[in-house]
Amino acid sequence: VGSLLGHTGEINSVAFSPCGQHIATASDDNSIRVWEVGGTPLTELRGHDNWVLCAQFSPDGSKLASGSADRSTLLWDWASGQVLAVLQGHQQGVASVQFSSDGEKILTGSWDSTARVWEISTRQCERTFRAGSEP
């Protein structure tokens with residue numbers, strides 16, 4: 001049994017990298033941390049202004065998307081710690097993020113009862129789905 005020491009708040013989400021060698025954790029301390037599977041810390045990502053609710057690696061493992069109670073989704077180059085894109089449009093916290101299989105889109109789900117499809121290259125929302133609405 002190992003430990004992931006570093007977060008000062010609750011961990012809300014965990015994700016394996018596609019290669020299986022890294023773990024991302026999203027926390028109420030407003031940060032994402034990336035670790036080696038053995039528990040060695042690699043990087044701390046800070047850019048959200050509120051709890052980080054979710055994090056997910058891109059299919060090639062080079063990027064990380066994170067969603068927060070601050071209503072934003074950030075796209076990271078996690079190895080350098082650089083924010084590559086800020087996706088905004090949700091009216092409440094972003095509780096889930098998922099990359100498309102080709103890594104060109106991000107799907108976000110929010111407490112505002114919507115899911116949004118984002119095109120990474122343009123940083124634009126392509127489509128919004130609302131809970132309880134017809135297609």
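A salt bridge is a side-chain nitrogen of Lys or Arg within 4 Å of a carboxyl oxygen of Asp or Glu. In the structure described here, which is a predicted model, the side chains of Arg-33 and Glu-44 meet this condition, with a nitrogen-to-oxygen distance of 3.1 Å. Side chains of opposite charge can pair when their charged atoms come close. A search of the whole structure finds four salt bridges, and three of these are described below, beginning with the contact between Arg-33 and Glu-44.

Arg-46 is partly exposed, with a relative accessibility of 47%.

A further salt bridge is formed by the side chains of Glu-126 and Lys-105, where the distance from N to O is 3.0 Å. Glu-126 is located in strand S12 (residues 124–130) and Lys-105 in strand S10 (residues 105–110), so this pair connects parts that are 21 residues apart in sequence. Both residues are partly exposed: the relative accessible area is 46% for Glu-126 and 29% for Lys-105. As for Arg-33, Glu-44 and Arg-46, salt bridges that share partners join these residues into one network.

Aromatic side chains were examined next. The count comes to one aromatic pair. This pair consists of Phe-57 and Trp-78, whose rings are 6.1 Å apart from centre to centre. The angle between the ring planes is 85 degrees, and the arrangement is edge-to-face, because planes over 60 degrees apart are assigned to that class. Phe-57 lies in strand S5 (residues 52–57), while Trp-78 lies in the loop between strand S7 (72–77) and strand S8 (82–88), so the pair ties together parts that are 21 residues apart in sequence. Phe-57 and Trp-78 are both buried.

The cysteines were then considered. A disulfide is a covalent bond between the sulfur atoms of two cysteines. The structure holds zero disulfides. For Cys-54, the closest cysteine sulfur is that of Cys-125, and the distance of 16 Å is too far for a bond; the cut-off for a disulfide is 2.5 Å. Cys-125 is likewise in no disulfide, since its nearest cysteine sulfur is that of Cys-54, 16 Å away. Cys-54 is buried, with a relative accessibility of 5%, whereas Cys-125 is partly exposed, with a relative accessibility of 28%.

Strand pairing was examined for strands S1 and S2. Strand S1 (residues 11–16) and strand S2 (residues 22–27) run antiparallel and are joined by five bridges. Within this pairing, Ile-11 stands opposite Ser-27 in S2. The two strands form a hairpin, with five residues between them. In the turn of this hairpin, Gly-20 has a positive phi of about 80 degrees.

Terms used:
Residues numbered from 1 in each chain as written. Predicted model: local features only at pLDDT ≥ 70, side-chain atom pairs only at ≥ 80, totals over all residues. Heavy atoms only, no water. Phe/Tyr/Trp six-rings, centres within 6.5 Å; stacked < 30°, edge-to-face > 60°. Helix = DSSP H or I, 4+ residues; strand = E, 2+ residues; numbered from the N terminus. Buried < 20%, exposed > 50% of the residue type's maximum accessible area, 1.4 Å probe, protein only. Pairing = 2+ DSSP bridges.
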